[in-house]
Amino acid sequence: MRYLRNIHLRPELLRAAMSFWDPEVHVFRFGEQELCPTVEKFRAHLGGFGSGEFIVPPMRESAYRVLVVALGLGDGAARYLVRNGHLNVMRLIELFSSLGDLGDMTYQTRRMTALCI
């Protein structure tokens with residue numbers, strides 16, 4: 001959140017943007033067209049988050065434990081994604097961005113969990 005404290009918001013712009021937001025599917029809707037900004041787009045619009053990697057604050061439950069138990073990652077992969085108690089979401093997305101085998105429900109469930117995180 002420290003990256004957001006220097007951002008100057010314009011209420012009229014927020015009201016206009018929110019009038020197009022569809023909270024049910026989490027996209028901006030313009031008639032029949034949908035726009036779903038990526039993390040990179042948010043970074044660009046918010047002026048970036050510095051030169052470091054995009055990392056989320058610590059979760060209540062150990063991020064490492066979530067990765068091992070819920071996503072079935074091994075020790076090395078989990079430690080690669082978690083540093084100093086912080087989860088590197090961009091690397092997590094990269095790791096699970098592949099569709100993989102659509103018939104493999106274990107992978108698909110883990111992939112959806114990862115992308116929800």
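Accessible areas here come from the Shrake-Rupley method with a 1.4 Å probe, and for residues only the protein chains shown count as cover. This is a predicted model, in which local features need pLDDT of at least 70, side-chain atom pairs count only at pLDDT 80 or more, and totals for chains, interfaces and linings use all residues. Residues are numbered from 1 along each chain as its sequence is written, and side-chain values use heavy atoms, leaving out hydrogens and water.

**View 1. The whole protein and its surface.** Welcome! The accessible surface comes to about 8800 Å², and 59% of it belongs to carbon and sulfur atoms. Six helices and five strands are present (DSSP runs numbered from the N terminus: helices are H or I, at least four residues; strands are E, at least two). Along the sequence they follow α-β-β-β-α-α-α-β-β-α-α.

**View 2. The largest nonpolar core.** This core has 12 residues, among them Ala63, Leu67, Val89 and Phe96. Such a core is a set of buried Ala, Val, Leu, Ile, Met, Phe, Trp, Tyr and Cys residues joined through side-chain atoms within 4.5 Å; buried means under 20% relative accessible area, exposed over 50%, and partly exposed in between (1.4 Å probe, protein chains only). Two or more residues come from each of α3 (63-69), α4 (75-81) and α5 (89-96), with α5 giving the most, three.

**View 3. A close look at Leu67.** Beyond its neighbours within four places in sequence, Leu67 is in contact with Gly72, Leu73, Ala78, Leu81, Val82, Leu87 and Leu92 (contact means heavy atoms within 4.5 Å).

**View 4. Phe20 in its loop.** Phe20 lies between α1 (11-18) and β1 (21-22). Phe20 counts as partly exposed because its relative accessibility is 37%.
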